[in-house]
Amino acid sequence: MYIYIISFLITILLIYLAKTKVKNTKIKVILLVLAVIPMLLVSALRYQVGTDYTKRYVENYRMLQKGIDVEDLEIGFKAIDYVCLFFTKDAYLLFIVTSLIILSIVFEVIYKKSSNSILSVIIFFLGGYFFGTLNLVRQYIAVAFILLGYQFLMFENRKKAYSLFVLCGILAFLMHSSSIVCFAIMFLTRKNIINIKWVLPVSVLILILNKNIMTILAPIIKNTRFNIYLTGKFAQGDLSIITIAENLIVYLWFSIIYYYEKRQNRKLEKEGITFLNIQGITLLLSVSGVVHTQFMRIMIYFSAFQILSIPYFFNITNYEEIAEKIKTKINKNISGKAIKTITYACIVLAFSGMLIYTNILHNDNGVLPYKTIFERDKK
């Protein structure tokens, strides 16, 4: 695990230097580019790291190399495979290329759209998203394209915004067809339609009905390529209390800020409304995991926005107003700066706890132990 932590800390340090200590624009850009390299090297040079590394990606690569078609592999990812096969029959190049695509896009979006780049990278790492990229490669390329399209969706020119988002959505779809659900994001930018008044009751109802909901969904899924999830080891629910709790807390936090701003006759901007709606969907999908584990996979497309949304809401929270309210009731010595620091620490500690529970203790995504391609010939 140490190699992951070291690369993460170096990345954070370089971003910190670029954002706070360097004034020269060229040096700042160089530092931000260099900040990507530690995590990129860890991802690109991995060997048999990730549950699907060998049984899915290496196996599919070898099949295509032999001229055997892989029917359940999207055409966009096949194109990446064929480009890599042009240079080598060894699958190591595939992981270098896919790592470069995912991390370059994710960091580009963070640098351009995040209200706090360091906090975004912390969530990307501690939230387990980086480790997800080591396993669910196709899906995380799709996630990267959706995040890329999101920044275009914030353009004021609606026609241009939708056109560019749709283009990114198509690229995502060509990598993983389940990303088609992300086109719904285009309708989440104007009003708070994923409202807490119905999201919480529906979430409770889903938990009560749980697997019974599959009696309705099964006939719909049966005649699609996703029918594999109706039988065998995939045909099960996944009640992840820690995931539900995290998404519930984040959604309540966003909603409280939304309604507080509304009471003060201040409206959230387009970006805030979009993030709030997306987090509402994330909560619903995390709860729906009890119905079928596939909902947890779909959730990733929406939960990944926490990389941007948590720094956004952290940034717009009025800590001085909170301090004034606390001073009159609890502690007269508390300051807005102290509350902000405590909030930041709580976010880091909460996500650290999740990382320890998921990717360390339970080895989610199969990322431990870490090995490099230079160890592949060792016995």
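**Reading the chain and its local features**

Reply: Let us begin with overall dimensions. For a chain of 379 residues, a compact globule would have a radius of gyration near 21 Å; the value here is 22 Å, which agrees. Along its principal axes, the C-alpha trace spans about 70 × 55 × 45 Å.

Me: How much confidence does the chain carry, and in which helices is confidence lowest and highest?

Reply: This is a predicted model. Where pLDDT is low, the predicted coordinates should not be read in detail. In this chain the mean pLDDT is 90, and 91% of the residues reach 70 or more. Confidence is lowest in helix α11 (residues 214-221), with a mean of 68, and highest in helix α6 (residues 117-126), at 97.

Me: How many helices and strands does the chain have?

Reply: There are 17 helices and 0 strands. Of the contacts between residues at least 6 apart in sequence, 75% join residues at least 24 apart.

Me: Is E261 buried or exposed?

Reply: Burial is decided by a cut-off: a residue is buried under 20% relative accessible area. E261 has 11%, so it counts as buried. Its place is in helix α12 (residues 241-263). Leaving aside neighbours within four places in sequence, E261 is in contact with R266 and L268.

Me: Which residues other than glycine have a positive phi, and where are they found?

Reply: Here one reads the backbone angle together with the location and the accessibility. N265 has phi near 60° and is found in the loop between α12 and α13 (270-287). With a relative accessibility of 73%, N265 is exposed, because the cut-off for that class is over 50%. N363, with phi near 50°, is found in the segment after α17. Its relative accessible area is 26%, so N363 is classed as partly exposed.

Me: Which residues does a cis peptide bond join?

Reply: One reads this from omega, which is about -5° for the bond between L368 and P369. P369 is found in the segment after α17 (336-361), and N363 is also found in the segment after α17.

Notes:
Residues numbered from 1 in each chain as written. Predicted model: local features only at pLDDT ≥ 70, side-chain atom pairs only at ≥ 80, totals over all residues. Heavy atoms only, no water. pLDDT = per-residue confidence, 0-100. Helix = DSSP H or I, 4+ residues; strand = E, 2+ residues; numbered from the N terminus. Rg over C-alpha atoms; globule rule 2.2 N^0.38 Å. Contact = heavy atoms within 4.5 Å. Buried < 20%, exposed > 50% of the residue type's maximum accessible area, 1.4 Å probe, protein only.
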